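Student: I have a protein model open and would like to go through it with you. Could we start with the terms and then look at single residues?

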Amino acid sequence: MRRLLPLALLLVSCGQGMLPSKPRISGVWGNPTGDRLEINWYYLEGADRYEVWGIDSTGEAKGLYSGTDTTVSIGERYPYYLVVAYAPSDMQSSDTVKVAPIGGEFLLRSYGSGFRSAICYKPDTTKDAWIFPCDPENSQMQPNLLLILDSLTLVSPLKDTAKFGSLHILYSPGPSDMAPLPPSGYADTFPVAVGETVAVWIDRGIADTFDLTDNVLRVVLDSVYLGDGSRDSIRVKLGLRYQLVPRLRWY
């Protein structure tokens, strides 16, 4: 069992410029327009300043903020971030904040073909393997749907709530590296076309309001095989990048 230090000793150590713990992140999300990342952490007794570092995929780090605030709004895009607290005789870093989307490449068949026709994700994970083809009629999976392929159209579950549940999923052309700002330009259907890049808005909160319960997804439609044109023969290959940070439009 972990032993607790006597209160007097803890007060003395903090008074000598030591930190009681590492910084603890209290929230990570996009700003109201989703084009900047907001990181919040708890005030740390004894800290005289904090720094926020961006870390690229090679491990190189760049300082992005230095000051006494416990919340920052960051426009520089990195896959990872770190909060560092400084005291006169101590330095502690937070757990890594991951912003890189999870993703993968998948082959979908049309709904009604008897094969997997939707993409789902497993919540609270950072592993790409947990985005997977799924059955949109599976009620246990419906809260975690990301998209549904119905013939040659991406559709929202709201198109047929009796079959797919009530999750509000909307689509928009999205050729850049950031999803368009919802709700303008989004619709509950999107026709499949080879080479198209689609922004997907999973609107889980107040309908048609971009809020802290929402996420975005990028879909690149790599290839389409029609076969004889029937649902059984349609196959669509696509690449996905799902942004787990709520209300952040980076992907």
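This is a predicted model: local features need pLDDT of at least 70, side-chain atom pairs count only at pLDDT 80 or more; totals for chains, interfaces and linings use all residues.

Student: Is Ser 110 buried or exposed, and why?

Tutor: Ser 110 counts as buried because its relative accessibility is 0%. The cut-off for buried is under 20% relative accessible area.

Student: What does Ser 110 contact, apart from its neighbours within four places in sequence?

Tutor: With those neighbours left aside, Ser 110 is in contact with Phe 115, Ser 117, Leu 149, Asp 150, Ser 151, Arg 231 and Ile 234. The side chains of Ser 110 and Arg 231 are joined by a polar contact of 3.4 Å. The side chain of Ser 110 also reaches the backbone nitrogen of Ser 151, at 2.7 Å.

Student: How far apart are Ser 110 and Ser 233, in sequence and in space?

Tutor: In sequence, Ser 110 and Ser 233 are 123 residues apart, while their C-alpha atoms are 8.2 Å apart in space.

Student: Back to Ser 151. Where is Ser 151 placed?

Tutor: Ser 151 belongs to the loop between β12 (145-150) and β13 (153-155). Ser 151 counts as partly exposed, because its relative accessibility is 25%. Its phi is near 60°, which is a positive value in a residue other than glycine.

Student: What about Asp 208, what is its phi?

Tutor: Asp 208 has a positive phi of about 65°, although Asp 208 is not a glycine. This residue lies in the loop between β16 (197-203) and β17 (215-225). At 45% relative accessibility, Asp 208 counts as partly exposed.

Student: Switching to the backbone: which form does the peptide bond from Pro 182 to Pro 183 take?

Tutor: That bond, from Pro 182 to Pro 183, is cis, with omega near 5°. Pro 183 is found in the loop between β14 (168-173) and β15 (189-191).

Student: New topic, disulfides. How many does the structure hold?

Tutor: The structure holds 1 disulfide. It joins Cys 120 to Cys 134, with an S to S distance of 2.1 Å. Cys 120 is in strand β10 and Cys 134 is in strand β11 (residues 131-134), so the pair ties together parts that are 14 residues apart in sequence.

Student: And what kind of bond is a disulfide, in general?

Tutor: In general, a disulfide is a covalent bond between the sulfur atoms of two cysteines.

Student: What is the handedness of the link between Cys 120 and Cys 134?

Tutor: The link of Cys 120 and Cys 134 is right-handed, with 75° about the S-S bond. Both cysteines, Cys 120 and Cys 134, are buried.

Student: Now Arg 49, please. Which strand is Arg 49 in?

Tutor: Arg 49 lies in strand β3, which covers residues 49-55. Its relative accessibility is 30%, so Arg 49 counts as partly exposed. A polar contact of 2.4 Å links the side chains of Arg 49 and Glu 51. Beyond its neighbours within four places in sequence, Arg 49 is in contact with Ser 66, Gly 67, Val 84, Ala 85 and Tyr 86.

Student: How far is Arg 49 from Glu 105?

Tutor: Their C-alpha atoms are separated by 43 Å, and Arg 49 and Glu 105 are 56 residues apart along the chain.

Student: To finish, how many helices and strands does the protein chain have?

Tutor: The protein chain has 2 helices and 18 strands. Its C-alpha trace spans about 75 × 40 × 35 Å along the principal axes. Of its 251 residues, 43% count as buried.

Student: What about the charges and the surface of the protein chain?

Tutor: The protein chain has 23 positive and 28 negative side chains, and the centres of the two sets lie 5 Å apart. The accessible surface comes to about 12600 Å², and 52% of that belongs to carbon and sulfur atoms.

Terms used
Residues are numbered from 1 along each chain as its sequence is written. Side-chain values use heavy atoms; hydrogens and water are left out. Buried means under 20% relative accessible area, exposed over 50%, partly exposed in between (1.4 Å probe, protein chains only). A polar contact is a pair of N or O atoms within 3.5 Å; within protein, one must be able to donate a hydrogen and the other to accept it, and residues adjacent in sequence count only if both atoms are side-chain atoms. Contact means heavy atoms within 4.5 Å. Helices (H or I, at least four residues) and strands (E, at least two) are DSSP runs, numbered from the N terminus. A disulfide is a pair of cysteine sulfur atoms within 2.5 Å. Accessible areas come from the Shrake-Rupley method with a 1.4 Å probe; for residues, only the protein chains shown count as cover. Lys and Arg count as positive and Asp and Glu as negative; His and the chain ends are not counted. The place of a charge is taken as NZ of Lys, CZ of Arg, CG of Asp or CD of Glu.
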